[in-house]
Amino acid sequence: MVVFEKPKALTDAVFHYCPGCTHGIVHRLVAECIDELGIEGKTIGVAPVGCSVLAYNYFTCDMIEAAHGRAPAVATGVKRSLPDHVVFTYQGDGDLASIGMCETVHAAARGENITVIFINNAIYGMTGGQMAPTSLIGQVTQTSPYGRDPKTQGYPIRVCELLSSLDGPAYLERVTVNNVKNVNRAKKAIKKAFQNQLDGKGFSLIEVLSSCPTNWGLTPKKALEWIDEKMIPQYPLGVYRDCDKEG
């Protein structure tokens, strides 16, 4: 009896991510949700610029590569052109919360009926570990070698909290994937975000606190612990908007 197998919505391509990176876990969760909802044939994903730039190699659904930060704008165009399709973006914190903040905020404000999967690992991974909009106070990066100083480099941006101030979003939740219990919660949130789109409820964003052992300078195990010790206090897990409960 088969008890565990690769989701059909994932290709056979081997992930290029660093050891201990949790992008692979989130890819699997997205694929499992696509399989379980039976939407592979009508799903279109939009890949970002960043560590997950090659996401189009990993999903069996149709994929589009967007310019840096523009994934929500591309997804908006696709969804409005093909309203019967399921459209999702998969973006990192540099892509979504820095160069793409405008596109993110305005897609949310318009309540576009798309799903955004937002990977927050508090650093620019692909380009060598520079400070990101989500880097923590005191966090050492290539561009904050003495630790992020709010006097000169500002404060971390909490995306779920920021978007929750808008009227447009239907569903906003922050999750993580650093242990089995949290992985299960993350999958439930991602599946709900897709279901909301199928039900025409509007904009959904799932923020996933993710690890980056390479650029954090930690072992994979220590990186997962760092999420608990450092990231969650700055970025509390939970639901920040749910139209089902507010309605």
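Predicted model: local features only at pLDDT ≥ 70, side-chain atom pairs only at ≥ 80, totals over all residues.

**Exercise 1.** Determine how many residues of strand β5 (residues 171-176) are buried, and to which side each of them points.

*Solution.* Begin with the cut-off, since a residue is called buried under 20% relative accessible area. By this criterion 6 of the 6 residues of β5 are buried, so the strand is largely enclosed by the rest of the structure. Then sort the residues by direction: Tyr171, Glu173 and Val175 point one way, while Leu172, Arg174 and Thr176 point the other way. In a regular strand the side chains alternate between the two faces of the sheet.

**Exercise 2.** Identify the strands with which β5 pairs, and state the sense of each pairing.

*Solution.* Take strand β6 (residues 204-209) to start with, which pairs with β5 in the parallel sense over 6 bridges, Thr176 having Leu209 as its bridge partner. Together with helix α7 (residues 180-198), β5 and β6 make a right-handed β-α-β unit. Turn next to strand β7 (residues 238-242), which runs antiparallel to β5 and is joined to it by 4 bridges; here Leu172 has Arg241 as its bridge partner.

**Exercise 3.** Find which members of the largest nonpolar core touch the most other members, and which elements give two or more residues to this core.

*Solution.* Among the 30 residues of this core, Val26, Val30, Ile190, Phe194 and Ile206 touch the most other members. The elements that give two or more residues are α1 (23-37), β3 (86-92), β4 (115-120), β5, α7 and β6. Another core, of 21 residues, lies apart from it and includes Ile44, Leu96, Ala97 and Ala107.

Notes: Residues numbered from 1 in each chain as written. Heavy atoms only, no water. Buried < 20%, exposed > 50% of the residue type's maximum accessible area, 1.4 Å probe, protein only. Pairing = 2+ DSSP bridges. Right-handed = clockwise from strand over helix to strand, strands pointing away. Core = buried A, V, L, I, M, F, W, Y, C linked by side-chain atoms within 4.5 Å.
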